[in-house]
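Visitor: I would like to learn how to read a model such as this one. Where do we start?

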Amino acid sequence: MSRQLADASASAETTTETVLEAEKASFLKQPKAVWATALAAVFAFMGIGLVDPILPAIAKNLEASTSEVSLLFTSYFLVTAIAMLISGFVSSRIGGKKTLLIGLAIIVVFASLSGLSGSVEQLVGFRAGWGLGNALFVATALAVIVGVASGGTGTAIILYEAALGLGISLGPLLGALLGGWQWRAPFFGTAVLMAAAFIALLALLPKTAAPAKKSRLRDPLLALGHRGLRTTAASALFYNYGFFTILAFTPFILGMDAYGIGAVFFGWGVAVAMFSVFVAPVLQKRFGAVKVLTGTLAALMLDLIGLGVAAGHSVTAVVVLVIAAGALLGINNTVYTELAMGVSDSPRPVASAGYNFVRWMGGALAPFAAAQLGEHFGPQVPFFAGAAAMVIAILVAFGGRGYLISHEPHLV
């Protein structure tokens, strides 16, 4: 009997190694269309952190307060969230490729206009238009990558998260390199990159037919009626509040120039990318999505408390904690995305739209709320508020754990 158990164990280990090797091979061997879409996604996600290094310069040159400058994030993510509800409606009628190209074209136009802004009000408005293009592109890109990637949904999501992490890390770097010269330059640089992505997709991505069943405008909201998806989205909303508190408010307390801020958030972005691609899948298979999610949310809560204690006292501690937060954020990004894609019975584009509508609201609220708290109560309070949001995110995930556990990856 013991011999049989040993043989079974060895067989299971061999099977696991074979599956992992196959997944690794499929990750690298992708059609050109996948790499073109992923590259375009990298450029699109660069727009999120692009303005980070130049926030103080924008405030100075446009004579704006911290709260006013924070609206660059709020308008961007608010429009992104609302536009998620129409992304499926559009793509199901004209196809994924046309939707991606329209999204990229909109970003090119509004990124260029952002560089021409003469006031903070104009810049906030142009960032809102940028958010519309971002929503059309981002929501559709995930569905397109899932549809054309080899290796299954898990491989496609890792590719998508790799693009997200790389874009988030390169955005601050580009913003610093160009912004150190002139604060308007990063916007024009992004417009050029998105135009290049437009050309690449036009040439390499095959025509994608519209789905047989057209999505209705209300479908993403109806999808949120599923408790599993609703739990994932609600928890992600509070998680994103903490995420964008770090991203949008920290530049104002570092006391660095564009190059310094860019270097800090480049390190942060590299941590996001590395841990989302290489660490999150391993942890999920070993411990399960819910345990990993609640554990990293708890660690992020402690990180935010540490940032609150260090704010205004130790720049070195703030830098270390920001980069450490990147590792935790990278893990959570992958876990949340995989849960959102598999926890409900709705089509993936519909589930993605509903999930992103809710979670990006956290990105819209956090920058302005953090700036207001910082201006009125001191630089420590925004981070403590972010830590409180992590507690709520944990409670929401724990409350719906029964729905989430049933969709976890198989444990190794």
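Guide: Start with burial: a residue counts as buried under 20% relative accessible area and as exposed over 50%, with partly exposed in between. Keep in mind that this is a predicted model. Ala-310 has 8% relative accessibility, so Ala-310 counts as buried. Its place is in helix α13, residues 289-310.

Visitor: What does Ala-310 contact, leaving aside neighbours within four places in sequence?

Guide: Ala-317 and Val-318. A separate value concerns Gln-380, which is 70 residues from Ala-310 along the chain: the two C-alpha atoms are separated by 7.8 Å.

Visitor: Is Glu-63 buried or exposed?

Guide: Glu-63 counts as exposed because its relative accessibility is 73%. Glu-63 is in the loop between α3 (55-61) and α4 (66-94). Its backbone is worth a look too: phi is positive, about 50 degrees, although Glu-63 is not a glycine.

Visitor: Which residues have the most contacts inside the largest nonpolar core?

Guide: They are Ile-58, Phe-137, Phe-187, Leu-201, Trp-268 and Leu-300, in a core of 126 residues. Take Phe-137 as a case. Apart from neighbours within four places in sequence, its contacts include Thr-37, Ala-40, Ala-41 and Ala-44, and also Leu-100, Leu-104 and Leu-201.

Visitor: How are aromatic pairs described?

Guide: A pair of aromatic rings is described by the distance of the centres and the angle of the planes. A search of the whole structure finds 16 aromatic pairs. In one of them, Phe-110 and Phe-126, the ring centres are 6.5 Å apart and the planes are at 50 degrees, so the pair is tilted. Phe-110 lies in helix α5 (residues 96-115) and Phe-126 in helix α6 (residues 120-148), so the pair ties together parts 16 residues apart in sequence. Phe-110 is partly exposed, with a relative accessible area of 24%, and Phe-126 is partly exposed at 22%.

Visitor: What are the distance and angle for Phe-265 and Trp-268?

Guide: Their ring centres are 5.6 Å apart and the planes are at 70 degrees, so this pair is edge-to-face. Phe-265 and Trp-268 are both buried. They sit three residues apart in helix α12 (residues 258-287), about one turn of the helix. An α-helix has 3.6 residues a turn, so residues three or four places apart point the same way.

Visitor: What does Ser-169 touch, not counting residues up to four places away in sequence?

Guide: Ser-169 touches Phe-265, Phe-266, Gly-269 and Val-270. Ser-169 is in helix α7, residues 152-179, and is buried, with a relative accessible area of 2%. Its side chain reaches the backbone oxygen of Leu-166 at 2.8 Å.

Visitor: Over which ring does the charged end of Arg-93 sit?

Guide: Over the ring of Phe-89, at 3.8 Å from the ring centre. Another case is Arg-359, whose charged end sits over the ring of Trp-360, 4.4 Å from the centre.

Methods:
Residues numbered from 1 in each chain as written. Predicted model: local features only at pLDDT ≥ 70, side-chain atom pairs only at ≥ 80, totals over all residues. Heavy atoms only, no water. Phe/Tyr/Trp six-rings, centres within 6.5 Å; stacked < 30°, edge-to-face > 60°. Helix = DSSP H or I, 4+ residues; strand = E, 2+ residues; numbered from the N terminus. Buried < 20%, exposed > 50% of the residue type's maximum accessible area, 1.4 Å probe, protein only. Lys NZ or Arg CZ within 6 Å of the ring centre and 35° of its normal. Polar contact = N/O pair within 3.5 Å; in protein donor to acceptor, adjacent residues only side chain to side chain. Contact = heavy atoms within 4.5 Å. Core = buried A, V, L, I, M, F, W, Y, C linked by side-chain atoms within 4.5 Å.
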